[in-house]
Amino acid sequence: MGIIFWTGIFLVERKSIPDFCLSIKDGRLFTQAGKLVNSRIPACIVLEGKNREFRKTDFSPKAIQGILLSISMAFRLPILRTKNTHESVEVMLQGFKQLTRDKLEEQRFYPRTFHSKPKKRSSFGSKASHS
């Protein structure tokens, strides 16, 4: 599947379950995770596919869970699970919107508010003290 890069805002490594398992076997997964973590922009892995696809691999559910925990905890790299391509696109767009909303918020112009001086009360209508 591969890396998706959105103009310096968001970096995504999108993997199908078979590709994820193959990248574990050939040692690419941890190298790729290291590169994602060392990038200067927010990154994540989108793992696409249904759980039943793991049954077609050589990995036990505990091994898969251990690898997912290792990447998310040790590398501090989010792994987002999706069922299909449509859901992957939705998740990536949501991530992009979250990140760009924060950037837009930083750049938003907030006009200075000026407080007017308190008006002096006129002596008309006020009680005058006579000494």
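The model is predicted: local features need pLDDT of at least 70 and side-chain atom pairs count only at pLDDT 80 or more, whereas totals for chains, interfaces and linings use all residues. Residues are numbered from 1 along each chain as its sequence is written, and side-chain values use heavy atoms, with hydrogens and water left out.

**Helix 3**

- Helices (H or I, at least four residues) and strands (E, at least two) are DSSP runs, numbered from the N terminus.
- Ile-64, Ile-67, Leu-68 and Ile-71 of helix 3 are buried (under 20% relative accessible area with a 1.4 Å probe, protein chains only; exposed is over 50%, partly exposed in between).
- These residues lie on the same side of helix 3, because they cover an arc of only 95° around the axis (taken from the directions from the helix axis to the C-beta atoms).
- Exposed residues Lys-62, Met-73 and Ala-74 are on the face turned away from the buried side of helix 3.
- Arg-76, which follows helix 3, has a positive phi, near 55°.

**Nonpolar cores**

- A nonpolar core is a set of buried Ala, Val, Leu, Ile, Met, Phe, Trp, Tyr and Cys residues joined through side-chain atoms within 4.5 Å.
- Phe-20 and Ile-71 have the most contacts inside the largest core, which has 20 residues (contact means heavy atoms within 4.5 Å).
- Helix 1, helix 2, strand 3 and helix 3 each give two or more residues to this core.

**Cysteines**

- Cys-21 is buried, at 4% relative accessible area, and Cys-44 is buried at 4%.
- The whole structure has zero disulfides (pairs of cysteine sulfur atoms within 2.5 Å).
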